[in-house]
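Please prepare a short briefing on the helix packing and a few local features of the structure shown here.

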Amino acid sequence: RSEVDKRWISQKFGMIGQPGIGKSKFWSFCNGLYIQTEAGLNHLKVMKVPCRSWTDFREICSALIQASQKGNFPYDTIIIDTIDKLVDLAQSEVVERGRNKFKQIEINVVGDIPNGAGWAWSQDLVENALNKLEELPAATVYVGHLELKEVKAPTTTYHKQTISIGGKMGGMLTAWPDHLLNVQAQYIGNEL
C-alpha cells in the first residue's frame, strides 16, 4: 500500500486557460524555474531559461538533473511555459528523426512518418520528458492553452473546454498531472 504524499515537491500540475489571463503569473509565487518555450514572460521578475528547440530542452533537463544529483537543487517548482510549444518542439525533433530514418520518403510533418510512428514518437518524447522532470526534487507544472470542442453524444451535442492539444497526446497530458487547473477569466467593464 502506498502512502499519501502531500509534499509540494511531489506534486504535478497542469494549468490550461485562455492566453493572457495570468497563468504564468500565477506560478510566480514559488521559487520556480520557468522553462520558457515561447515569449510572454517579460512582465514577470522570475528565473527563466529560454527553450527554442528539443536540444535546448534536453540540455536544460540535463543541467537540472546534475544539480539534483549534487544535492544543490535551487528550485521548488519547474514550470514549462507552454506545453503547447514544447509539443511543437518535440514534433520538430521527430520530423528530423523521421527524415534521417526514412530517407526515401519526403517527411514534412509528423503524420508523414509511416504507420503512425511520428505521433507515437512525439508522445514518447513529451511523456518521457515530463517523467524525467517529475524525478527532480521539485513540483512540476505545465502551462497550456485551452480549446472549446464540440462533443456529440447520442442524444445531445455540447461544448467543453479542454487542452488545445488533441489526440492521444492531449489525453496523456490531461491524465499526467495530479492537479489539472482550468483557469477562466471574464471582463468586468474593461478589466480582465
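At roughly what angle do the axes of helix 3 and helix 4 cross, and within what distance do they come? The axes of helix 3 (residues 83–101) and helix 4 come within 9 Å and cross at roughly 130°, where axes are lines fitted to C-alpha atoms, for helices over the stretch in contact, and angles run from 0 to 180 degrees between N-to-C directions. That makes helix 3 oblique to helix 4, given that angles under 35 degrees count as roughly parallel, over 145 as roughly antiparallel, 65 to 115 as roughly perpendicular and the rest as oblique. This is a predicted model, in which local features need pLDDT of at least 70 and side-chain atom pairs count only at pLDDT 80 or more, while totals for chains, interfaces and linings use all residues. Residues are numbered from 1 along each chain as its sequence is written, and side-chain values use heavy atoms, with hydrogens and water left out.

**Helix 3 against helix 4**

- Helix 3 passes helix 4 in a right-handed crossing, a crossing being right-handed if the near helix is turned clockwise from the far one by less than a right angle, and left-handed if anticlockwise.
- On the helix 3 side, Ile83, Val87, Ala90, Gln91, Glu93, Val94, Arg97, Gly98 and Lys101 meet Gly118, Trp119, Trp121, Ser122, Leu125 and Val126 of helix 4, with contact meaning heavy atoms within 4.5 Å.
- The residues of this contact between helix 3 and helix 4 divide into 8 nonpolar, 4 polar and 3 charged, where Ala, Val, Leu, Ile, Met, Phe, Trp, Tyr, Cys and Pro count as nonpolar, Asp, Glu, Lys and Arg as charged, and the others, Gly among them, as polar.

**Helix 4 and its surroundings**

- Helix 4 has 18 residues and reaches 25 Å from its first C-alpha to its last, close to the 26 Å expected at 1.5 Å a residue; the expected span is 1.5 Å times one less than the number of residues.
- Its buried residues are Ala117, Gly118, Ser122, Gln123, Leu125, Val126, Ala129, Leu130 and Leu133, with buried meaning under 20% relative accessible area, exposed over 50% and partly exposed in between (1.4 Å probe, protein chains only).
- What covers these buried residues of helix 4 includes helix 2 (54–69), strand 4 (77–81), helix 3, strand 5 (139–152) and helix 5 (167–175), helices (H or I, at least four residues) and strands (E, at least two) being DSSP runs numbered from the N terminus.
- Aspartate 124 lies in helix 4 (residues 117–134) and counts as partly exposed because its relative accessibility is 41%.

**Helix 4 against helix 5**

- The axes of helix 4 and helix 5 come within 10 Å and cross at roughly 15°, and the two helices are therefore roughly parallel to each other.
- Ser122, Gln123, Val126, Glu127 and Leu130 of helix 4 make the contact with Lys168, Met169, Met172 and Leu173 of helix 5, and the residues involved divide into 5 nonpolar, 2 polar and 2 charged.

**Local features elsewhere**

- Valine 49, found in strand 3 (residues 47–50), is partly exposed with a relative accessible area of 24%, and it touches Leu33, Tyr34, Ile35, Gln36 and Ile60, not counting residues up to four places away in sequence.
- A cis peptide bond with omega of about 15° joins aspartate 81 and threonine 82, and threonine 82 lies in the loop between strand 4 and helix 3.
- Asparagine 115, in the loop between helix 3 and helix 4, has a positive phi of about 60° although it is not a glycine, and at 81% relative accessibility asparagine 115 counts as exposed.
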